[in-house]
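Look at the structure below and keep it in view while reading.

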Amino acid sequence: MLLEMRGIAVNYGKINAIRNISIAVPEGKIVTIIGGNGAGKTTTLRAMSGMIPIASGEILFEGVRIDHLPAHKIVAHGIAHVPEGRRIFKEMTVEENLRTGAFLRRDKDAVEEDLEGVFKRFPRLLERRSQRAQTMSGGEQQMLAIGRALMSKPRLLLMDEPSMGLAPVIVEEIAQIVEEINANGLSVVLVEQNAELALELANHAYVLETGNCAMEGPASELRGNEHVRAAYLGL
Amino acid sequence: MRNLLIFVLGSVALIALPYGLSFSQQEILVFLVINILLVTSYRLMTLTGEWSLGHVVIMGVGAYASALYTKELGIYVPVSMILGGVTAALLAVLLSFPLFRMKGFYFLIGSFAAGEIIRLIWKRFREPFGGVRGISGIDPMPDFSIGIYQFDFFEPVSYYYFAGVIVIASLWVLWRIEKSPVGLTFHAVHWQDKLAQASGVNLRAYRTLAFAIASGFAGLAGALQAHYVGTVNPNSFDIEVMVFVLTWAIVGGTATFYGPILGCIVLTVLNEIVLREMGLEQARPLIYGAIMILSILFLPDGLESLVQKVTRRRSAPKPEEKAAT
Amino acid sequence: MTDFLEVRNLTMRFGGLTAVDSLSFKVEHGSIHGLIGPNGAGKTTTFNMISGFYTPTEGQILLRGEDISGLKMHEVARRGVVRTFQHSTLFAELTVLENALVGTHMPFRPNIFAAIIGWDKEDRRGAEARAREALDFFGLLHLAEERAGDLSHGHQRALGMAVAYASHPDVILLDEPFTGMNPEETKHMMGLMRRLKEDGITILLVEHDMQAIMGLCDTITCMSFGKFLAEGGPTEIRNHPAVIEAYLGGARHVA
Amino acid sequence: MVELLAQTGLNAVYAASYISLVAVGLVLIFGVMGVVNFAHGELFMAGAYAVVALYADMHVPFFVAVAIGMAFVGLLGLLMEWALFRPLKDNPLGGLVASIGFLMILQSLAVMGFGVRMEHIPPVTQEVVRFTDKVGLPVARLYVIVAAVVFLTALWYFLKRTRFGWALRASAQDPEAAALQGISITQTARIAMFIGAALAGVAGALTAPLVSVNPHMGHSVIVTAFIVIIVGGVGSLEGAILASVAYAFVHTFVTTFWDGVLADIVGLSLMLIVLIVKPTGLFGSADRA
């Protein structure tokens with residue numbers, strides 16, 4: 001297992017946001033977490049990347065415990081998080097955003113190479129290289145957020161609602177990117193509202209309901225599940 | 001029955017208090033009483049969530065106004081004091097138009113700027129404000145007698161009784177306001193202004209109301225001070241005094257009505273009795289600053305949180321008391 | 001007859017982005033009306049315009065024929081249109097009862113002078129009775145003395161509705177009321193909403209939970225990318241090709 | 001008349017220089033850490049007293065004294081970050097209150113160390129760059145102007161061209177997203193605090209021979225800095241510099257042709273008007289605060 005989350009609970013004040021959640025991410029796979037609004041998907045992801053303290057449980061990445069590490073140290077272990085709402089640095093240029101993604105890296109030549117790689121994968125970012133990030137469309141901002149995460153040369157990519165607020169054509173494009181990235185050997189945890197899309201992309205899926213894991217299994221199986229079809233696919 | 005007993009004992013203690021003190025301590029007592037009104041009025045303002053840095057200048061507005069009313073218009077002193085408070089409240093209503101376009105940090109700075117402008121106007125215009133040296137020879141409170149007690153207002157004890165009665169009456173009004181639905185609405189405006197608005201609360205009106213009431217009582221406190229000291233000048237209402245008020249409120253804690261009062265009393269006693277006796281007067285700002293930092297670091301909810309800890313432990317077995325609050 | 005609540009050519013632009021584009025629909029008196037659409041469709045923006053949180057760039061909102069667009073939130077509330085918020089927007093530091101008391105602000109408008117003198121005892125009693133009634137309706141009365149911030153997620157959502165209900169509204173606008181509720185809580189809340197409807201309160205809700213929407217609404221308006229897409233009863237909407245396309249547009253047909 | 005205007009203009013350039021050094025530091029600290037450092041004027045004062053102690057009392061060469069003063073105030077900044085702002089980072093009002101406490105401590109220490117009287121320092125140089133008979137720029141003032149240009153350019157280069165500069169800007173815009181890139185917010189806060197304090201310190205150190213140094217000199221400095229950063233837009237470095245220049249010119253001209261108090265009133269009124277019309281400042285965005 002690349003990443004293992006065992007019995008994680010997170011509290012906001014006295015409220016349990018998630019309770020006893022266990023998730024395993026095998027090397028090279030896409031794992032998705034789906035569920036309704038407020039089910040705890042984003043909280044789970046934020047716990048993985050150290051953005052919120054956990055109340056109990058443990059998180060192992062390549063066999064090493066990473067819970068209780070601050071977010072900026074977890075990045076160094078090889079986990080990159082593309083946060084909900086993209087959270088790009090709006091006042092900085094596209095290139096500055098990407099270079100900030102490589103903040104921890106010292107291998108300058110490889111960084112330049114990866115920068116070229118990102119520009120090759122996202123030609124639209126190259127066009128807007130020295131433009132302020134704020135001026136870009138939602139889809140372009142999402143690409144920038146993904147590109148920025150890739151710049152840290154992660155082994156695991158956490159993505160929070162990459163399709164949110166994007167037109168179907170763009171969502172399609174983002175989906176292809178996720179598949180390509182995964183095909184190149186990067187493991188992915190995908191949190192999505194768009195369950196249809198998520199289940200199509202993923203190998204394995206977890207369904208959260210009010211802070212608990214209601215169901216898990218191979219994505220193809222869950223797509224056929226009556227409960228999932230009714231609750232999340234609206235069928 | 002028990003409450004009545006506490007009330008009687010408390011009143012007796014307050015009346016007897018000055019007789020245990022030296023003359024200079026009696027003078028300090030007068031200022032303490034006035035400052036209690038100042039800091040309590042400040043708390044009413046903070047109920048709506050806005051922290052102002054202009055409150056002491058507003059107090060000064062009451063002081064200047066009351067001084068000028070007696071001096072220029074010959075108004076009877078107690079009436080001019082009330083008019084001083086009213087003037088401060090009206091000015092607050094006026095200031096609310098620009099200031100309440102801002103919130104949080106911007107309001108803080110805006111209120112500071114507005115206060116400085118007022119102070120600089122006093123400084124700049126000798127007519128009628130007396131310029132840098134301010135106004136001196138302000139009419140004292142005229143002497144009078146009630147029954148056997150002769151009020152002689154050059155005596156701090158007399159002024160202590162006079163100011164004490166006014167302050168207690170003001171505190172009672174402030175307390176009633178806080179415990180009323182209006183006070184609840186102030187809290188609502190503070191904690192979740194959008195939800196309050198969705199419940200039909202006119203935010204601007206309530207913010208302005210809190211600002212005006214707080215300013216009115218601050219102005220009254222200023223008038224009380226002006227007619228006791230006999231002089232006002234721009235420097236007696238500068239940012240340093242504001243910092244003291246802020247310290248009282250923060251060290252005491254602003255979550256309860258008595259928190260700021262407690263902070264004011266404790267720090268005044270510490271300041272005047274302990275520090276002065278120990279000859280540490282020069283280090284006063286240093287110690288105040290250190291207290292401020294230590295209390296925000298280690299006692300973020302103020303002295304009141306200590307009081308609550310003690311009383312809660314004591315009243316824990318009696319749940320019916322909790323229901324009464 | 002004029003319609004009860006009508007949205008006419010409502011448009012909202014943020015900078016270059018058109019979040020809501022010339023949207024029109026009508027809400028009948030005493031109905032439960034759902035507003036649905038995929039993420040980013042502009043539901044919440046529409047909601048915010050109706051409640052006075054945003055001023056529409058163009059278009060009108062008519063309540064009983066009166067144009068209420070551009071009024072402030074409290075002015076809209078005073079005309080009987082009260083909203084709840086997404087997430088748990090409450091007075092977290094106040095008790096549950098105090099939360100509900102703030103909700104009674106409109107029927108029992110506080111008066112500062114009466115409060116100081118003590119001539120508002122009757123109003124205070126009335127307000128408290130109404131607040132308790134609202135809490136009781138949503139099954140929260142036993143929690144009256146709890147701090148609102150300490151409630152469970154489901155109870156917090158219910159309290160949000162109780163605060164709105166306490167003000168005797170004509171219309172309640174509910175922003176994703178079922179978020180964070182488990183299926184039983186959702187079911188229970190649906191029952192309460194039907195009771196509100198029986199009381200003559202009109203409900204307009206934005207919701208993701210399809211089961212709740214389908215089971216509850218008399219009429220559903222579906223929007224997509226800021227535009228009106230379709231309107232009709234639950235069955236009609238469920239089988240409407242444009243709606244299916246909008247919802248599943250994110251998925252790929254190529255697979 | 002032309003000469004008076006020219007001379008006043010030169011004075012304004014000098015004023016703009018030290019104001020912008022102070023204001024830029026204040027903006028940097030606010031941007032990265034989200035706290036309003038009320039003690040910033042006292043950091044300026046500390047820089048000035050460093051020169052009093054080292055140059056006037058101990059006869060250390062002036063520029064060495066300035067350099068040591070700058071470093072010393074930078075370290076004071078680090079102390080503030082460690083002792084005050086880091087423990088209080090979840091308490092928005094806390095940092096401000098603590099900085100007021102720190103202000104009082106510094107002021108009090110200055111009184112105890114040097115007394116309340118004003119210090120007059122022997123001039124570093126009496127030389128004046130003469131443009132005409134009546135228009136000239138004292139070299140001591142020129143130092144301040146040069147320092148402002150040099151340090152602000154260096155800061156600009158640091159922020160736009162270096163890895164840590166990007167990290168600083170990233171954490172100012174979105175601390176959480178910055179942490180997700182591996183940037184330690186504590187570290188960027190330390191850098192911002194050191195630079196911000198050191199800039200205030202060098203401004204105080206260089207102006208020490210030109211003004212009367214006293215423990216309360218920080219007051220007018222912080223008021224001016226607030227005006228400038230509000231007008232410029234909290235969080236915008238370019239705005240702070242532009243506003244410094246604008247404010248310095250207005251204030252210097254009003255002082256020259258009318259009087260100083262009126263100039264203060266005009267300055268504060270300008271700030272209030274900006275706050276009323278556009279509460280985020282002329283160049284600010286609503287991102288932070």
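Which side chain meets that of Arg124(B) in a salt bridge? The partner is Asp259(D), at 2.6 Å from N to O. A salt bridge here is a side-chain nitrogen of Lys or Arg within 4 Å of a carboxyl oxygen of Asp or Glu. By this rule there is one salt bridge across the interface of chain B and chain D.

This is a predicted model, in which local features need pLDDT of at least 70, side-chain atom pairs count only at pLDDT 80 or more, and totals for chains, interfaces and linings use all residues. Residues are numbered from 1 along each chain as its sequence is written, chains are lettered from A in the order in which they are written, and side-chain values use heavy atoms, without hydrogens and water.

Now take the interface as a whole. Contact means heavy atoms within 4.5 Å. Four pairs of chains are in contact, and of these chains B and D share the most contacts. Chain B brings 38 residues to this contact and chain D brings 44 residues. Together the two chains bury about 3,400 Å², with 84% of it on carbon and sulfur atoms; buried area is the accessible area (1.4 Å probe) that two parts lose on being put together, summed over both. In chain B, the residues that lose the most area to chain D are Phe105(B), Tyr106(B) and Arg124(B), together 18% of what that side buries.

Other pairs of chains stay apart. Chain A and chain B do not touch, and their nearest C-alpha atoms are 17 Å apart. Chain C and chain D do not touch either, with 14 Å between their nearest C-alpha atoms.

Next, turn to chain C and its strand S8, residues 202-206. Strands are DSSP runs of E with at least two residues, numbered from the N terminus. Five of the five residues in S8(C) are buried, that is, under 20% relative accessible area (1.4 Å probe, protein chains only). In a regular strand the side chains alternate between the two faces of the sheet. Here Thr202(C), Leu204(C) and Val206(C) point one way, while Ile203(C) and Leu205(C) point the other way.

Two strands pair if DSSP finds at least two bridges between them. S3(C), residues 32-36, runs parallel to S8(C) and is joined to it by four bridges; Ile32(C) stands opposite Ile203(C). S7(C), residues 171-175, is also parallel to S8(C), with five bridges, and Val171(C) has Thr202(C) as its bridge partner.

Technical notes
Buried means under 20% relative accessible area, exposed over 50%, partly exposed in between (1.4 Å probe, protein chains only).
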